Structure formats: structure tokens, C-alpha cells
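Thanks for coming. I will walk through one structure today, so please have a look at it first.

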Amino acid sequence: MPTRQRGRPRSFDRDEALRQATLAFWEHGYEATSIAGLTKVMGIGAPSLYAAFGDKKALFAEVVEAYTTSWGIFAGQALTEETTARAAIGRMLREAAHEYTDPSHPRGCLVIRAAVNCAAPEVGAALRERRNATLAAFESRIRADVATGELPGDTDAPALARYCGVVLQGMSQQACDGATEEELARTAEIAMRAWP
């Protein structure tokens, strides 16, 4: 027997509301984005926000998921599509130079920007976990290339992975500070020269 939805049907586009929430969190970070600000940009009232998305933390978790499968998808694609760690991370850094400076959305990376001044321990931990998962993926790809001989046997996989994470996160901050795509692309090129 089909269940009936209780209450009134939604009178807003949930996907568009989520998109607007993503842009707000991306621009202002988790802490500085208020429920009042969210309802304004999403074009809905607080009761509709809570009914559709739950509380601010639940909405933010959905925002991060939406971000990583849309604007932030380039990173995962590079890691899965390229045949070597060098090619994957080089591509990721080049694409980050473009994505982080694209004028059609806030600059930098939402997962990095939203963590700045974040006082909510669970949110900060979730963002840190995502960033650490990226480092683990870098390290895994680097270790695989060491095992096949693509990279020298004495390559320090954890240090090289950390270095790439520092560059990627630094590029996000530099984009927020006004660096151009060309400047970040040169940074990515120089960073790749450090590879063994």
C-alpha cells in the first residue's frame, strides 16, 4: 500500500534550493552561513528548510555531497581516469587552477573554505575526514606506481601525497586571495617538477 505524504506538497525546487545553499556555504563558510541567510538565498521559509533538509548540519552534509559530485568532481575523475599517479595529480592540479578561479561560482574549494573558523566539531571533523581521504587516495596511487616501477622505489609516498595535498589546498586559498587561473596553472606545473 503506497504511503501518503503528510502535509502540503513542496512549493519549491529542491535541487535549486540545494544549489543556492551550496553557493552560500561555499562563499561564506559553514560558521558564517546562518539559517536566515540560507532561507533568503534558497527562497524558502525556515519550516520548509527544516522539513526538506533537516537542520543546518544535515543541510551542509548534503551540500558537501552535492559539491563533490558536481563542481568538485574533477578531483575524483582525475584519480580514476588517469593511468599513473603523476598524470592523475598533475591533471587534478591543472583542473583545480581552472575550477578554483571560475567566475561562475565562489573561488576556491568548498571543502577547504567551509572549514575556516568552523566551531562545530562534527562539521570540522567531517571536512577533515574528506581531506584526509583525498590524501589517502593520493598515497595509494603513488604507492601503486612505486610497486610497478613507474616511480622510484625510494619514493616517500606519504610525504609526496602530503605535498600534493598542501599544494591543492594552498591553490584554493590563493584563488580566494585573487590568484588567476594562469598563476595557479604555473604553480601546478612547478609543483609537478618536484616529483621523483
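I will start with the record annotations and then turn to one helix and its partner.

This is a predicted model, in which local features need pLDDT of at least 70, side-chain atom pairs count only at pLDDT 80 or more, and totals for chains, interfaces and linings use all residues. Residues are numbered from 1 along each chain as its sequence is written, and side-chain values use heavy atoms, with hydrogens and water left out.

First, the record. An unreviewed UniProt entry places "domain: HTH tetR-type" at residues 11–71; such annotations may be inferred rather than shown by experiment. That stretch is 79% helix and 0% strand, helices being DSSP runs of H or I with at least four residues and strands runs of E with at least two. The entry, unreviewed, also puts a "DNA-binding region" at residues 34–53, a span that is 80% helix, with its end C-alpha atoms 14 Å apart.

Now helix H6, residues 85–99. Its 15 residues reach 20 Å from first C-alpha to last, close to the 21 Å expected at 1.5 Å a residue, where the expected span is 1.5 Å times one less than the number of residues. Among its buried residues are Ile89, Met92 and Leu93; buried means under 20% relative accessible area with a 1.4 Å probe, protein chains only.

How do H6 and H10 pack? Their angle is about 165°, with the axes 7 Å apart. H6 and H10 are therefore roughly antiparallel, the term for angles over 145 degrees. Residues of H6 including Ile89 and Leu93 meet residues of H10 including Leu184 and Ala188, with contact meaning heavy atoms within 4.5 Å.

Methods. Buried means under 20% relative accessible area, exposed over 50%, partly exposed in between (1.4 Å probe, protein chains only). Axes are lines fitted to C-alpha atoms, for helices over the stretch in contact, and angles run from 0 to 180 degrees between N-to-C directions. Angles under 35 degrees count as roughly parallel, over 145 as roughly antiparallel, 65 to 115 as roughly perpendicular and the rest as oblique.
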